[in-house]
Amino acid sequence: MRGYTQYHYEIIREGLLPIPCIIIIPDRCMRNKVEIVLADSGKEKFLALTKNIQPYIDKGTILVAADLRGFGETEDPAIYNDAKYWNREYRLSMTALHTGKPLIGQRVADLITLLDALESWPETASGSYSLLADRQYGPVVLHTAVLDDRLTEVVAQCTMRSYTEYMTAPMQYDLFSNMIYGVLTRYDLPDLVQLTEGRFRYGD
């Protein structure tokens, strides 16, 4: 492409679902600057807009756009999710909860797998990564930031900030996707933000 090279990968780790990702490396890039983008609408829609890519090209930052399970390429078809449940991935989230492996935890495992893969490639082995996420990805990247300090700067936009908010106003879309049984007996999301020691923040 003009000004950059674009690579398409499918990351496979035994026991986990494949993770499709696209890596954009500017012609004039700083190898120690890598930013991951997790877009709720999917990586293809994010990358379809030149205005989303150009800032990374101008800064010489390597851009990694990925779809964790249930997003983008791997999104569950709408036909399998009745609108009455107010959740576009009701089937996936309910199945995950009933098997004792909440969807949010599975996505955290996917994100750690992505970080491991990036560290294994010379082009992206920076050891520290910035991350921009939005909407349903917010709680996923927050939990990951607590568990993995390779994420040195994490910004989550337009996303939930508290499980307590869900309990006090339960009539919200896509509520089940980030549910964890009994979570409020242990912690809430603001507690996790404090544990990141400034590496995580909410955007506009």
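Modeller: Two residues are in contact when heavy atoms of theirs lie within 4.5 Å of each other. Leaving out neighbours within four places in sequence, valine 141 has contacts with Leu38, Leu111, Leu131, Ala133, Val154, Ala156 and Phe200.

Biologist: What kind of model are we looking at?

Modeller: A predicted one, where local features need pLDDT of at least 70 and side-chain atom pairs count only at pLDDT 80 or more, while totals for chains, interfaces and linings use all residues. Residues are numbered from 1 along each chain as its sequence is written, and side-chain values use heavy atoms, with hydrogens and water left out.

Biologist: Okay, how many helices and strands does the chain have?

Modeller: Seven helices and seven strands. Helices are DSSP runs of H or I with at least four residues, strands are runs of E with at least two, and both are numbered from the N terminus. Starting at the N terminus, the order is β-β-β-α-α-β-α-α-β-α-β-α-α-β.

Biologist: Why does the chain agree with a compact globule?

Modeller: The radius of gyration is taken over C-alpha atoms, and the globule rule is 2.2 Å times the number of residues to the power 0.38. For 204 residues that rule gives a value near 17 Å, and the chain has 17 Å, so the two agree. Along its principal axes, the C-alpha trace spans about 50 × 40 × 35 Å.

Biologist: Why does histidine 143 count as buried?

Modeller: Buried is under 20% relative accessible area, exposed is over 50%, and partly exposed is in between (1.4 Å probe, protein chains only). Histidine 143 has 12% relative accessibility, so it counts as buried. Histidine 143 sits in helix 5. Beyond its neighbours within four places in sequence, histidine 143 is in contact with Ile104, Val108, Tyr163, Ile180, Tyr187, Leu189 and Leu192.

Biologist: What makes helix 5 largely enclosed by the rest of the structure?

Modeller: Helix 5 covers residues 137–147, and nine of its eleven residues are buried, which is why it gets that description. Among the buried ones are Tyr137, Pro139, Val141 and Ala145. Across the chain, 48% of the 204 residues count as buried.

Biologist: And why does valine 154 count as buried?

Modeller: Valine 154 has 0% relative accessibility, so it counts as buried. Valine 154 belongs to strand 6. Not counting residues up to four places away in sequence, valine 154 touches Leu131, Val141, Ala145, Arg199, Phe200 and Arg201. Glutamate 44 lies 110 residues from valine 154 along the chain, and their C-alpha atoms are separated by 21 Å.

Biologist: Which members of the largest nonpolar core touch the most other members?

Modeller: A nonpolar core is a set of buried Ala, Val, Leu, Ile, Met, Phe, Trp, Tyr and Cys residues joined through side-chain atoms within 4.5 Å. The largest one has 43 residues, and Ile36, Leu38, Leu131 and Val141 touch the most other members. Helix 4, residues 103–120, gives the most to this core, with seven residues. Apart from it lies another core of twelve residues, including Tyr4, Phe46, Tyr56 and Ile57.

Biologist: What share of contacts join residues at least 24 apart in sequence?

Modeller: Taking contacts between residues at least 6 apart, the share that joins residues at least 24 apart is 66%.
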